[in-house]
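Me: I've got a new model on the screen and I'd like to learn how to read it. Could you walk me through it feature by feature?

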Amino acid sequence: MAPEIVSMYYSTDHEGQLWQMEGHCEDCDCDCDGSTCDSGHCQVEG
Amino acid sequence: MYRTLSAPVAVQWEVTGQCTKNCIHCANYWRDKSQFKTVVEPQLETIYDRVTQEIISNQVMAVTITGGEPLLIFPAIKPYISSLVSAKISVSFNSNLAPLSPEMAKELWRSGIRSILTSVPSSDPETDYRITNSSTSFRNTARGIGIALEQGFRVTANMVVSKRNLHQVYSTAQYVKSMGITNFTATKASKPSNCEDFSKELLSLSGFRFMAQELLRVKYELGLDVDTIQAYPACAIKTADIKKEIAGFNRTCTGAKSFCMIGFDGRVRPCPLSSDFYGNVLYEGGLRGAWYAMDPWRTDAYLPMECAECPAKTTCSGGCKADAKHINGSYNSIDPYCDLTEKPVLARRETDLSIPSRFRFNSKLRTREEDFGGILFLSNNAWLGVSVKLLILAKYSAIDFSINSFATALGNTSENIKPTVLALLNRNILHSVN
């Protein structure tokens, strides 16, 4: 995770921990961490 | 699977069920029932007052006024729009614009509205009629768009695409461009929940992909800003260019995660397409009670079995729940536009942003506390969940930062804090100071 930014996703596979823990977005294979890039699919849009 | 926020970030508020048109694709499930006719004016005022209070007290950040056709009851709703704007809530307007007069446009502007999403089904009047069932639709909406643009509104034209108008995506974009509109969206029609058989209208998967391809052509050849305004499954579109160039084809369904609907009768639903309601803002529990009752939408309870091993399952969540239910029978059925033959194509957008020497928080930034910290909000597409430390910094620091002072304020190092600064700059939550 980018420090101080809170992901909207949880992993149900790991007892409710944040989904992205390693600074790497598995979904888009980018290094954004799942909440800081602009790929669109890495964020919950309003 | 998804964090439960204290309340929606954004809501759509259906202020009336009445409309000047009767579109074949209308998602309003009461369309054939005329239930709205039982709601008389004094009741409406009570409902409007309560809904407005609930939206403000729950610190909802953005409201879209929709219907039915909200201009039909504009005098009644106007004071409540003004109350929302006064509470610093972003308010936008969905309208077919057919009833708009220059006087009404001025009033709408004075109430604080600046952007309007309108529906343009076709560049061809005959097709428009066959979709809207209104002989005056084409002419009156064109006139209304002209009035809205003249008043200064930012107008986005949305084309709901079915088999009837699939071949007209490009020509309809040309048509709206000729009127002066620069933002065009094309969105596939969904089966309405009260419709027995929509198969004659519903796009096939190849038709849906053609719509997406045409939208990309509109962007490249006509230079319009294009998008689509429904969440689709990640595996529906395989063309990387479409994913890269059109943000909407990467969109996550926000129903019950950061968004919900409030009906004209106060009922709360997860999304415009769903007819299931989870509470009523008029009754005990209000908006927050209904919001919490939608919990299954935030877990993997509705994740289709077929998606369990998909690498995109957290962000895709199986596509559109309403389409899954209305076509395949249940919320955890597979989305009818899923294509499981290959892994999803996921866009990778590069950012060329660099960190400026001085930056500060956007003065239009709004904040809301949450149990994990809070939300920094600029717009529907520019908000983030953040820690308590960052929330406090954003709320109380109307000063310029350097990367070093920003890192120090958060008790971190400059190198570590760079991704955070870039994420905030990307959304204009932080901006450069010249």
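Reply: Just after helix 5 of chain B, for instance, B:Gly152 takes a positive phi of about 110 degrees. Some ground rules too: this is a predicted model, where local features need pLDDT of at least 70, side-chain atom pairs count only at pLDDT 80 or more, and totals for chains, interfaces and linings use all residues. Residues are numbered from 1 along each chain as its sequence is written, chains are lettered from A and ligands numbered from 1 in the order in which they are written, and side-chain values use heavy atoms, with hydrogens and water left out.

Me: What average pLDDT does chain B have?

Reply: pLDDT is the predictor's confidence in each residue, from 0 to 100. Where pLDDT is low, the predicted coordinates should not be read in detail. Chain B averages 91, and 95% of the residues score at least 70. For the complex, the predictor gives an ipTM of 0.82 and a pTM of 0.90.

Me: Now the sheets. In what order do the strands of the 9-strand sheet come?

Reply: Strands of a sheet pair through backbone hydrogen bonds, either parallel or antiparallel. Here, two strands pair if DSSP finds at least two bridges between them. The 9 strands form an open sheet in the order 7-6-5-4-3-2-1-8-9 (chain B), with mixed pairing. Strand 7 (225-227) and strand 9 (268-269) of chain B each have a single partner strand, so one side of each is left without a neighbour in the sheet.

Me: How many bridges join strand 4 of chain B to strand 5 of chain B?

Reply: There are 5, in the parallel sense, and B:Ser119 stands opposite B:Asn158 in strand 5. Strand 5 of chain B also runs parallel to strand 6 (residues 183-188), joined by 6 bridges, with B:Thr156 opposite B:Asn183. Strand 5 of chain B is mostly covered, with 7 of its 8 residues buried. On to strand 3 (residues 90-94) of chain B: 2 bridges join it to strand 4, again parallel.

Me: And where does chain A come in?

Reply: Chain A has 0 helices and 1 strand, and buried residues make up 61% of its 46 residues. Its strand belongs to an open sheet of 4 strands, ordered 1(A)-13(B)-12(B)-11(B), with antiparallel pairing. Strand 1 (5-6) of chain A and strand 11 (366-370) of chain B stand at the edges, so one side of each is left without a neighbour in the sheet. Between strand 1 of chain A and strand 13 (residues 382-386) of chain B there are 2 bridges, and A:Val6 has B:Gly385 as its bridge partner.

Me: Last one: how many residues does the largest nonpolar core have?

Reply: In soluble globular proteins, nonpolar side chains tend to be buried together. A nonpolar core is a set of buried Ala, Val, Leu, Ile, Met, Phe, Trp, Tyr and Cys residues joined through side-chain atoms within 4.5 Å. The largest has 93 residues, and those with the most contacts inside it are B:Trp13, B:Ile55, B:Phe184, B:Met211 and B:Phe249. Helix 7 (residues 205-222) of chain B gives the most to this core, with 7 residues. Apart from it lies another core of 26 residues, among them B:Phe359 and B:Leu376.

Methods
Buried means under 20% relative accessible area, exposed over 50%, partly exposed in between (1.4 Å probe, protein chains only).
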